[in-house]
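I began with the charged pairs and then turned to the domain interface.

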Amino acid sequence: MQRITIRDARGEDLRESARLVVRMKRLNEEFDPLYKVVGDVEKRALKYLRESIGSKNTVLIVASRGKRILGLLRAVLEDRVFYEPLMTGTITDLYILPEARRKTMGNDMLQHGIKKLKRMGAEMITAEFPAQNEIAVRFYHKRGFRALVNILAKEEMGQ
Amino acid sequence: MPSKEPGDEYSRKAIRYSAFYGGKIGTAPKVPIRSLDDFSIWYTPGVAAVSRAIAKNRELSFEYTNRWNTIGILTDGTRVLGLGNIGPEGSLPVMEGKALIYKYLGGVDAIPIPIRVDGVEQFVATAKSLEPALGGINLEDIASPKCFEILERLRKEMSIPIWHDDQQGTAGVTLAALYNALELTDRDLRTSKITLFGSGAANIATAKLLIEAGADAGEMILVDSKGVLNAERDDMDQLLLRNRWKYELALKTNEARVKGGLAEALRNADVLIAAATPGPNLIKKQEIARMNKRAVAFLLANPIPEMWPDDAAAAGAEIVATGRSDFPNQVNNSLLFPAAFRGVLDVRAKTITDSMVIAAAQEMAKSAREKGLRKNYIIPDMLDWEVLPRVAAAIGMQAQREGQARKKVSSDVIYKGAKKLIDTSRKISQLLVQRGIIPAPPP
């Protein structure tokens with residue numbers, strides 16, 4: 001079996017990587033109705049990744065075995081303006097295909113991503129995911145992350 | 001070949017008789033009451049000494065009371081056989097029927113306990129609160145997938161055997177039949193390619209038990225309403241959150257990553273175990289024809305199998321089994337659950353493990369083998385009474401080997417004790433009818 005490589009995403013990875021993004025957004029949908037996935041999610045996922053590859057402030061890495069993409073991490077470097085440390089690397093997407101889970105790939109991708117973000121100037125790392133995603137909460141807690149900010153939501157459509 | 005259910009006549013009788021008898025079971029004394037004075041022994045003041053002894057040593061409740069022979073049949077009525085979610089009261093007649101079978105075939109005193117609970121936590125808390133009164137719990141007719149979590153939790157958190165008949169019962173009896181079907185077709189469980197059609201409680205439990213018994217998970221394929229289960233399926237994350245038992249099987253099984261539907265899953269399969277939805281046209285002849293030569297097909301949906309057995313045979317299945325008594329090879333839980341509980345109660349077991357279920361299945365299969373296997377006889381039928389104490393002894397011995405029994409008993413003692421209890425139970429029932437204490441049913 002071919003080795004798994006963790007590396008920067010390339011143009012030819014986009015189509016398959018988009019599938020992982022769609023899977024992840026659909027997983028988020030399970031946690032809260034305010035994460036209801038839009039109808040043209042596939043098209044948007046492709047655009048999202050294409051823009052990420054082209055952005056200087058964004059990290060997009062994949063775990064691949066040959067041509068097959070097994071995992072994806074996207075993070076953005078952000079200026080916190082008022083607070084120190086000033087620069088944070090925010091992980092917006094981390095998704096591993098079910099078949100590739102439980103093999104330290106999530107951890108390997110996270111460490112790879114953190115290293116890259118630090119090189120770009122990040123002094124702290126945050127991760128965003130739905131509040132109800134206990135699996136993600138456990139994953140990050142286990143690696144020394146703690147809750148930093150609460151985002152409370154209230155739907156106002158049609159009211 | 002029968003093609004229609006004789007349901008209407010049974011339904012009419014069931015309503016009339018249920019009203020006439022006011023239910024199917026009751027309690028009866030098991031000690032002599034020679035005079036009212038005896039109540040001073042059985043009740044106050046004498047009983048206080050017994051209570052004090054048990055208060056000092058809880059384990060004595062298995063010796064000084066009927067706890068050793070008492071189980072609760074617990075249900076929330078969310079998935080009653082063929083009826084769906086009809087609530088706890090609606091499930092009561094079914095639980096009474098189950099209790100009747102427990103008594104008649106296993107000599108087990110089973111109490112129907114439908115409970116009004118909301119969700120897994122309440123169910124688990126309620127079941128745990130009943131532990132002091134019971135020697136075991138039979139979970140019944142609980143919707144999937146919460147039934148998996150309830151069984152898993154109660155097995156972990158209680159010190160009495162917990163049995164969910166829709167899982168262990170069906171899986172155990174299926175394994176028993178499969179052992180013999182494989183023997184007749186010169187196969188080995190470890191190398192057979194098995195396709196399971198339907199991924200409800202029964203087949204998920206069956207897949208897990210088969211793997212535990214040595215089947216090759218990688219060669220196994222499960223099919224549900226969305227098609228072949230595989231690790232790449234789009235709904236994997238939904239399964240992870242909603243049905244992690246199915247998720248685990250999706251990761252473990254189908255190494256070849258077969259995709260598609262039943263037709264693809266049956267290509268070159270040795271065995272089909274269907275526990276999907278009632279047929280008879282759910283499986284097509286062409287699909288069975290894709291299986292390997294000398295195929296084995298278990299068509300277990302009730303009341304109508306996924307396809308008629310003669311159609312399966314015509315399409316190439318050498319051994320066919322169903323869940324019905326009017327066809328040969330009935331894969332019937334009723335031969336397993338009374339015997340299983342008879343065995344675990346007789347050794348005061350603390351749990352029922354998968355390997356105990358496998359031991360029971362092996363004994364059941366052996367019992368049929370000794371009578372002479374034939375295409376139409378791969379598993380004991382309801383008239384093979386001797387299988388019940390044999391299975392009881394097998395599971396009781398396995399409990400002791402695994403250190404899960406409170407009592408050390410030899411196989412012979414369990415067998416003879418179980419046989420006596422079962423025989424006595426039947427005799428009492430017959431005697432009460434003969435003496436007119438249980439009146440004949442109304443015309």
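**Entry 1: salt bridges**

I searched the whole structure and found 49 salt bridges over all chains, a salt bridge being a side-chain nitrogen of Lys or Arg within 4 Å of a carboxyl oxygen of Asp or Glu. I keep in mind that this is a predicted model, in which local features need pLDDT of at least 70, side-chain atom pairs count only at pLDDT 80 or more, and totals for chains, interfaces and linings use all residues. Residues are numbered from 1 along each chain as its sequence is written, chains are lettered from A and ligands numbered from 1 in the order in which they are written, and side-chain values use heavy atoms, with hydrogens and water left out.

I looked up A:Lys25 and A:Asp93, whose side chains meet in a salt bridge at 2.6 Å, N to O. A:Lys25 lies in helix α1 (residues 14-29) of chain A and A:Asp93 in strand β4 (residues 87-96) of chain A, so this pair ties together parts that are 68 residues apart in sequence. Helices (H or I, at least four residues) and strands (E, at least two) are DSSP runs, numbered from the N terminus. I noted that A:Lys25 is partly exposed, with a relative accessible area of 23%, whereas A:Asp93 is buried at 1%; buried means under 20% relative accessible area, exposed over 50%, and partly exposed in between (1.4 Å probe, protein chains only).

Next I took A:Arg68 and B:Glu232, which form a salt bridge with their closest N and O atoms 3.8 Å apart. A:Arg68 lies in strand β3 (residues 68-79) of chain A and B:Glu232 in the loop between β7 (227-228) and α10 (236-242) of chain B, so the pair joins two chains. A:Arg68 is partly exposed, with a relative accessible area of 24%. I also found both residues in a network of salt bridges that links A:Glu16, A:Arg19, A:Arg68, A:Glu99, B:Glu232, B:Arg257 and B:Lys259.

**Entry 2: domains 1 and 3 of chain B**

Chain B is divided into domain 1 (67-160), domain 2 (168-322) and domain 3 (333-434), the bounds coming from an automatic or database domain assignment. I asked how many residues of domain 1 are in contact with domain 3. I found 20 residues of domain 1 in contact with 24 of domain 3, where contact means heavy atoms within 4.5 Å. The two domains bury about 1,800 Å² between them, 59% of it on carbon and sulfur atoms; buried area is the accessible area (1.4 Å probe) that two parts lose on being put together, summed over both. B:Trp68, B:Tyr104 and B:Leu105 supply 38% of the area that domain 1 buries against domain 3, more than any other three residues.

I counted one salt bridge between domain 1 and domain 3 of chain B, and I noted that B:Arg155 forms a salt bridge with B:Asp354, the closest N and O atoms being 3.0 Å apart. On the side of domain 1 that touches domain 3, α5(B) gives the most, with seven residues.
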